[in-house]
Every structure is written in C-alpha cells, then in structure tokens.
Amino acid sequence: MAPPLLLLILLPLLHLLGPVLAEVPDHYAVRYARPGASANAAAAAQEYLDPTYPLPPPPPMAPACTVPVLSHSFANTYGAAPATAAYAPPPGCPAPWSQVVLSFSVEISGDQYDRVAAVWLDGAELLRTTTAEPTPDGIRWTVRKDVTRYSALLRSPPAGVLSVMLENLVNDVFTGLYNVTVSLEFHGTPPYPLISSVTPSSDKPKLPESYFQAPADLILPISEATGDSGYWFRIQNSSDTRSSLLTIPTSTYRAVLEVFVSPHSNDEFWYSNPPDLYIQANNLSTGRGNAAYREVVVSVDGRFAGSFVPFPVIYTGGINPLYWQPVSALGAFDLPTYDIELTPFLGLLVDNKTHEVGVSVVDGIAEWLVDANLHLWLDPSWLEVKAALGPYQTPRLSISRRYTTQALNGSFSIKAKRKSFFSGWVSCSLGNLTTEVETETEAKSLVEFTNDGTNKTVELKVERETEVVVRSEKGKEMGKLSTEAEYPLSFYLDTEDVGEDGMSVMKGSLSHTLDIQTKAECGSFEREARLVDEQTAAGWMLVKDHDVINGTATTSQRYRYSDGRWEYERSIDAADGAVLSDNVSEKFSPPDDHLQAAATACLPGTGTGTSCDGTPSAADIAAM
Ligand SMILES: *[C@@H]1O[C@H](CO)[C@@H](O)[C@H](O)[C@H]1NC(C)=O
Ligand SMILES: *[C@@H]1O[C@H](CO)[C@@H](O)[C@H](O)[C@H]1NC(C)=O
Ligand SMILES: *[C@@H]1O[C@H](CO)[C@@H](O)[C@H](O)[C@H]1NC(C)=O
Ligand SMILES: *[C@@H]1O[C@H](CO)[C@@H](O)[C@H](O)[C@H]1NC(C)=O
Ligand SMILES: *[C@@H]1O[C@H](CO)[C@@H](O)[C@H](O)[C@H]1NC(C)=O
Ligand SMILES: *[C@@H]1O[C@H](CO)[C@@H](O)[C@H](O)[C@H]1NC(C)=O
Ligand SMILES: *[C@@H]1O[C@H](CO)[C@@H](O)[C@H](O)[C@H]1NC(C)=O
Ligand SMILES: *[C@@H]1O[C@H](CO)[C@@H](O)[C@H](O)[C@H]1NC(C)=O
Ligand SMILES: *[C@@H]1O[C@H](CO)[C@@H](O)[C@H](O)[C@H]1NC(C)=O
C-alpha cells in the first residue's frame with residue numbers, strides 16, 4: 001500500500017535537491033562500449049600512457065642487461081599476500097651501474113576498477129603505482145621508473161625477494177584480471193669517481209662531486225615487517241603514527257628518508273572533502289570529511305623531522321574516468337615520492353642503539369598507505385663518525401580555516417604554512433660537515449558547494465621550497481641542493497538528475513600541474529633541472545551509482561623537462577579514449593669537456609641518470 005500523499009510531497013523535494021555532490025562516489029568504472037569499439041577478442045589492446053622521460057635517455061649506455069623478475073595474473077587477490085619472485089643481480093652487468101630501470105607492464109581486458117599496487121625488494125618499496133581501468137577490447141601500458149638510487153639494495157639484496165601487491169576483486173561484472181610483468185634493466189657504469197677514491201685534505205675540505213649524486217650505500221625499509229598484507233603501513237587517523245625500529249651503522253655520514261604515500265577510501269579525494277560540520281548539518285551519510293588539508297609528517301624518536309603536503313594524484317577512476325582514457329592523470333602510474341634530508345638528525349642516530357623512525361598524517365582519515373626507505377651513505381674509511389643535532393625546535397603549523405555553510409551550500413577555505421630549520425654536524429673522513437635544512441611549505445585550499453550542493457569547485461595550491469646546505473667547520477658553503485615544487489589543482493563538477501533510475505549527468509573541467517625545479521651545486525659540479533607537467537580535461541558523463549554509462553571528454557597534456565643538456569617535450573591531445581595528436585621534441589647537447597661528461601652521469605631529473613638525489617623526475621618529487 002503506497003502512501004501517495006507522502007510520495008507527492010517527497011518527489012518534488014528530491015527533484016529539487018538532485019544528487020548531493022558531497023555524497024557521490026567520485027570514483028567510477030566506465031561501463032559502456034564506445035561506438036566503434038570492436039567486440040572482437042582479437043582486437044589489439046590499446047596502449048595507455050603517462051608521458052615521462054624515455055628511459056634510458058641519451059647517450060646510450062652500455063653494457064645493458066635485462067632481468068625478468070616476475071609475471072603474475074592478479075585475479076581475486078583481495079586480502080591475499082603479495083605475489084613474490086626471486087631476484088638476483090645480473091652476472092653479466094656487475095655493479096656499479098650508471099642507470100637501473102624498473103619496468104612494470106600490465107595487460108587487462110574486461111571491466112574493472114582502478115587498483116593500487118606496489119613493488120618491494122625485501123620490504124623496501126621501489127614503485128607505487130595505480131592501474132588504468134580496462135575496456136572490453138583490452139588495454140596495456142608500461143611504467144618505466146629510474147631505480148638507480150636503490151643500487152645498494154639491487155646489488156646485494158638481503159633476501160632477494162621481490163613482491164608485488166595488487167588487491168583486485170573479480171566477479172561476474174568486474175571481470176578484468178591485471179596481468180603484470182616486472183623486469184629490471186641494468187645500464188653502464190657510473191662515470192663519477194666513487195667517494196672512497198676521494199682524499200680530502202684537512203686544511204681545504206671539499207665535498208666530492210658525487211656527494212648529491214651517488215646512490216646510497218645502504219637502504220633500510222621503514223615499513224610493515226611481515227608484508228603479508230603488503231609492506232605498507234595502513235594509517236587510519238591523525239593520531240595513528242606508524243614506525244620502524246632500527247639501528248644504523250655508526251659510519252653513516254648522510255641520511256635521506258624517501259616517503260611513499262597514497263590515500264584511499266575516505267581520503268582518496270582528501271583535497272575535496274568538506275568539514276564534518278557540513279556533513280552533520282545536512283545529515284549526510286558520507287565518511288569523506290575532515291576538510292581538505294593533509295600533511296605527512298616524519299619523526300625521529302618522536303621528534304618532528306620533516307613534512308610535506310602530498311601531490312594530489314588522481315587515480316584513473318577518479319572525478320571523471322573519461323578524462324583518463326588513454327592518458328592517465330599526473331603521477332598515477334608512478335606516484336611521486338618525497339625526500340626528507342635527515343642528516344642533521346644523525347647525532348641522535350649514530351650511537352649504535354635502536355631508534356624509531358615514524359610516519360603520520362595530519363588530519364588524515366582512513367586510509368593512507370605509507371612506507372619509506374632510509375637511504376644511508378657510509379664513510380669508506382671511518383668505522384665511527386661523531387655527530388650532533390644543533391638547537392632543536394618543533395616547527396609550528398600555522399593553519400587558518402574559514403567555513404561558511406547555508407544548508408547544502410558551503411565554502412571552506414584553509415590556509416596552512418609550516419617553516420622548519422634543522423642543523424647538525426657530522427665529523428667524518430670528509431671533514432666536520434654541518435648540514436642545514438630549511439623547508440617552507442604553504443598550502444591553500446578552497447572547496448565550494450553551490451546550487452544547493454550540486455556544483456562543487458575545488459582549488460588547491462601547494463608550494464614547497466627546500467634548501468640543504470653543507471658547510472665546513474669554518475662555515476664555508478661546500479655544497480647546496482635546492483628544490484622548489486609547486487602543484488596547483490583546480491576542478492569543478494556539476495550534477496543534474498536525469499529522469500528516473502537514479503541516473504545523473506555530471507559536467508566538469510579540471511586542470512593540474514606538477515612543477516619542480518632543482519639545483520645541485522657541489523665543487524665544480526652544478527646542475528639545474530626543471531620539470532613542468534600540465535594537464536587539462538573537460539567533459540560530461542552519465543552515471544548511475546558507480547557506473548559511467550555514457551559521456552564524452554577531452555584531455556591535453558604538456559610534459560616538459562630540461563636540464564641545460566637535455567630538453568624533452570611531449571604534448572598530447574586526446575578525446576573520447578583516442579589520441580588525436582602526440583608531438584615529441586627533444587634535444588640533446590653532448591657535453592664538451594671532461595668535467596661535464598662526469599656530470600652527465602647524473603642526468604638529474606631524468607630521474608634517470610644516476611638518481612641524482614635531489615633532482616626532479618617525472619615521478620619523483622625526490623629531494624622535495
Ligand atoms: C591474463 O592472464 C590470464 C591467466 O594467464 C589469461 O587467461 C588472460 O587471457 C590474460 N589476459 C590478458 C588481457 O592478457
Ligand atoms: C586511530 O587508529 C588506531 C589504529 O587503527 C586506533 O587504534 C585508534 O583507536 C584510532 N584513534 C582514534 C581517535 O580514532
Ligand atoms: C537532520 O536530522 C535531524 C534529526 O533527525 C533533524 O532534526 C534535522 O531537521 C535534519 N536536518 C536536515 C537538514 O535535514
Ligand atoms: C654496535 O653494536 C653491535 C652489537 O650490539 C656490536 O657488535 C658492534 O661492535 C657495535 N659497533 C660499534 C662501532 O660500537
Ligand atoms: C544556495 O546557493 C544557490 C546559488 O548557488 C542559491 O540559488 C540557493 O538559494 C542557495 N540555497 C540556500 C539554502 O541558501
Ligand atoms: C559550477 O561551477 C563552475 C565553476 O565554479 C561554473 O563554471 C559552472 O558554470 C557552475 N555550474 C552551474 C550550473 O552553475
Ligand atoms: C664540528 O663543528 C661544530 C661547529 O661547526 C663544533 O661544534 C663541533 O665541536 C665540531 N666537532 C668536532 C668533532 O670537532
Ligand atoms: C550517449 O550520448 C550521446 C549524446 O547525447 C547519444 O547520441 C548516444 O546515443 C548516447 N549513447 C548511449 C549508449 O546512450
Ligand atoms: C602537434 O603538432 C601539430 C602540427 O604542428 C599541431 O597541429 C597539433 O596541435 C600539435 N598537437 C599538440 C598536442 O600540441
């Protein structure tokens with residue numbers, strides 16, 4: 001017995017309100033075949049892409065060896081342990097290498113959601129990636145990442161177990177199996193002198209040119225010890241600090257923590273979450289709240305040691321999945337990592353005792369997958385260094401929030417800033433070196449709901465500057481590494497009910513950029529590099545629940561990298577799943593003198609070269 005009176009009252013009300021954007025999933029699977037898509041199983045899988053530097057970059061480096069490591073079909077792997085395979089370095093290409101490239105290739109057909117995946121070697125993460133959503137005809141792609149900075153681990157892995165975690169769900173509807181192959185390529189020998197062959201003279205101390213370039217001598221994972229559900233820490237809330245206990249060699253003279261993060265579930269779209277007061281005032285059922293500021297914090301023995309606001313990576317099912325076919329969103333295939341220079345803190349760490357390195361997420365809600373690698377450089381001739389942390393003060397986060405709400409309309413603005421300065425000295429065979437690390441992070445966020453909650457606008461802008469200065473005992477500047485990163489994101493989504501069946505149309509546009517500049521100076525070595533990666537997208541989609549059942553979209557991407565020696569640019573226009581134009585221009589000027597030849601090894605930022613620590617790469621906000 002239907003209560004007709006109630007229906008009469010409710011229907012116009014519902015129609016008036018339309019879908020409330022704070023409640024829509026923002027996360028979809030494309031569930032329709034485009035006109036022209038063949039139902040032919042023999043059709044070639046379409047290549048998906050995220051433009052980055054072609055690796056290895058010029059000039060060609062010999063010798064080269066390829067080691068196939070793992071091949072696995074990820075079917076119903078939800079809750080399962082990672083897939084594993086044995087790894088050993090190639091006898092034909094002995095270390096040291098000028099470049100090592102990890103290749104992660106995927107093939108899939110059918111329907112499936114995007115998934116997060118990671119590759120670890122003995123619990124140390126090498127790659128954090130997310131997958132593209134397939135089409136019935138099938139898609140494939142390859143992520144190529146410069147992993148030279150993990151040379152120490154690749155040269156002598158403690159156990160030689162490579163693991164890949166990719167939790168997938170397969171049923172009658174979501175049929176796609178992610179078929180993954182992982183291989184490693186080893187190229188050349190590094191042309192810079194190794195630190196052990198540099199003899200400093202005590203009256204004229206000088207940093208070796210490889211100081212900021214050479215990969216670490218030892219890498220210790222800060223990650224979940226067992227790895228049965230992946231080696232990542234699963235951070236649930238802002239008081240959930242996860243840590244590893246470790247003892248580092250007493251000969252350590254430099255330390256950098258590289259952090260991997262990806263937000264999921266209620267925080268996948270953290271940069272568009274409204275505050276809880278908006279959710280409560282409107283009786284919404286969403287858990288995606290706590291407003292739109294997040295900051296990942298690193299601690300050493302409970303002391304704040306560094307932080308960053310993560311780059312907002314949009315996974316391929318996010319916001320409007322049609323934007324990300326066949327070009328994925330910035331960083332989705334190779335999530336940026338974040339370097340925190342911990343050298344000033346060595347004074348706390350080199351006493352041959354156990355210490356705690358922790359990670360947490362300011363304002364975070366469930367859940368964040370976070371882990372880190374501690375890169376350590378060891379003195380070739382001293383068994384013990386001496387070190388001390390300078391005057392220490394916990395840097396303050398200054399944050400201001402302005403929220404206004406009127407029923408489902410709302411405007412939520414947040415401004416945050418954190419400035420930190422740490423210094424510490426390490427007395428080692430290179431001299432008594434003082435390292436100063438100055439960081440300034442600023443974030444501005446605006447989330448607005450208009451038209452009674454049916455139009456959402458998001459603006460985020462993050463700026464981060466870091467300067468690492470190494471000084472002699474007399475205060476003379478011996479080396480400097482500076483990084484400036486900027487990442488603006490802006491988009492809107494507009495929604496309207498269409499007819500019955502709970503279907504709605506969403507229109508919108510989006511633009512985001514990753515802009516990183518780095519400069520490394522050390523003796524006569526000097527290198528500047530810049531990466532500017534920009535995307536814009538626009539379109540509409542017809543959605544029902546989590547399914548996109550019709551729509552159209554265009555995406556443009558412009559990827560530019562230059563380091564004074566190498567210039568690379570790639571511009572892509574795509575529409576409705578097809579590439580319309582794809583233009584590449586590159587220029588390589590071979591170095592003309594010996595010194596420069598040495599520097600070439602560290603094509604910083606090609607993220608390649610030799611993991612010039614501290615230079616940008618397509619996917620690394622390394623040294624940020
Ligand atoms: C993935 O691997 C499975 C199992 O080997 C195979 O049946 C399937 O055809 C493969 N899919 C693709 C797209 O290659
Ligand atoms: C935060 O998460 C941890 C780990 O799941 C849990 O033990 C703790 O109770 C949570 N704290 C709050 C305030 O929810
Ligand atoms: C939310 O729910 C409470 C209690 O059920 C009710 O009093 C209030 O009017 C509701 N508010 C809105 C905006 O629907
Ligand atoms: C560090 O501690 C280990 C075991 O506790 C000991 O074997 C080693 O000699 C110590 N090293 C130094 C440099 O004190
Ligand atoms: C919400 O904002 C829209 C304009 O965006 C306005 O037409 C509407 O009246 C506002 N609703 C309320 C409850 O203030
Ligand atoms: C929704 O907001 C965007 C930008 O904030 C605006 O361009 C668009 O016209 C709005 N849509 C409607 C229907 O008001
Ligand atoms: C190293 O230099 C700092 C000042 O730069 C000084 O305070 C410290 O005592 C020196 N350490 C050693 C072992 O000489
Ligand atoms: C999708 O939308 C377009 C434009 O409105 C329409 O021509 C087409 O028939 C729709 N396709 C489906 C499968 O509904
Ligand atoms: C690629 O080059 C062609 C010819 O110069 C031009 O028409 C097109 O707009 C370019 N595409 C992009 C994405 O820059």
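Trainee: Quick one to start: how far is the backbone N or O atom of Asn 451 from an oxygen atom of ligand 5?

Mentor: 2.9 Å. Polar contacts here are pairs of N or O atoms within 3.5 Å; within protein, one must be able to donate a hydrogen and the other to accept it, and residues adjacent in sequence count only if both atoms are side-chain atoms.

Trainee: And how much of ligand 5 does the protein cover?

Mentor: Ligand 5 has 360 Å² of accessible area on its own, and the protein covers 49% of that. Areas come from the Shrake-Rupley method with a 1.4 Å probe; for residues, only the protein chains shown count as cover.

Trainee: Before I go on, what am I looking at?

Mentor: This is a predicted model, where local features need pLDDT of at least 70 and side-chain atom pairs count only at pLDDT 80 or more, while totals for chains, interfaces and linings use all residues. Residues are numbered from 1 along each chain as its sequence is written, chains are lettered from A and ligands numbered from 1 in the order in which they are written, and side-chain values use heavy atoms, with hydrogens and water left out.

Trainee: OK. Which residues surround ligand 5?

Mentor: Gln 406, Ala 407, Asn 409, Thr 450, Asn 451 and Asp 452. A residue is listed as near if one of its heavy atoms lies within 4 Å of the molecule. By class that shell has 1 nonpolar, 4 polar and 1 charged residues. For the classes, Ala, Val, Leu, Ile, Met, Phe, Trp, Tyr, Cys and Pro count as nonpolar, Asp, Glu, Lys and Arg as charged, and the others, Gly among them, as polar.

Trainee: What do the side chains of Gln 406 and Asn 409 do there?

Mentor: Gln 406 has a polar side-chain atom 3.3 Å from an oxygen atom of ligand 5. For Asn 409, a side-chain N or O atom sits 2.3 Å from an oxygen atom of the ligand.

Trainee: Which residues are around ligand 6?

Mentor: Asn 451, Asn 455, Thr 457, Tyr 492 and Asp 494. The side chain of Asn 451 has a polar atom 3.0 Å from an oxygen atom of ligand 6. Thr 457 puts a side-chain N or O atom 2.9 Å from an oxygen atom of the ligand, and for Asp 494 a side-chain N or O atom is 2.5 Å from a nitrogen atom of ligand 6. The protein covers 48% of the 360 Å² that ligand 6 has on its own.

Trainee: Which elements give two or more residues to that shell?

Mentor: Strand S24 (455-471) and strand S25 (477-497). Helices (H or I, at least four residues) and strands (E, at least two) are DSSP runs, numbered from the N terminus.

Trainee: And ligand 4, which residues are around it?

Mentor: Thr 250, Asn 352 and Glu 384. Asn 352 has a polar side-chain atom 2.3 Å from an oxygen atom of ligand 4. Taken alone, ligand 4 exposes 360 Å², and the protein buries 29% of that.

Trainee: Switching topic: how many helices and strands in the chain?

Mentor: 5 helices and 30 strands. There are 624 residues, and 58% of them are buried, meaning under 20% relative accessible area, with exposed over 50% and partly exposed in between (1.4 Å probe, protein chains only).

Trainee: How many aromatic pairs turn up?

Mentor: The search of the whole structure finds 27. Rings of Phe, Tyr and Trp (its six-membered ring) pair if their centres lie within 6.5 Å; planes under 30 degrees apart count as stacked, over 60 as edge-to-face and the rest as tilted. Trp 97 and Phe 186 have ring centres 4.7 Å apart and planes at 50°, so that pair is tilted. Trp 97 is in the loop between strand S4 (83-86) and strand S5 (99-108), while Phe 186 is in strand S10 (residues 178-187), 89 residues apart.

Trainee: Are those two buried or exposed?

Mentor: Both Trp 97 and Phe 186 are buried. Phe 308 and Tyr 338 make a stacked pair, 4.0 Å centre to centre with 10° between the planes.
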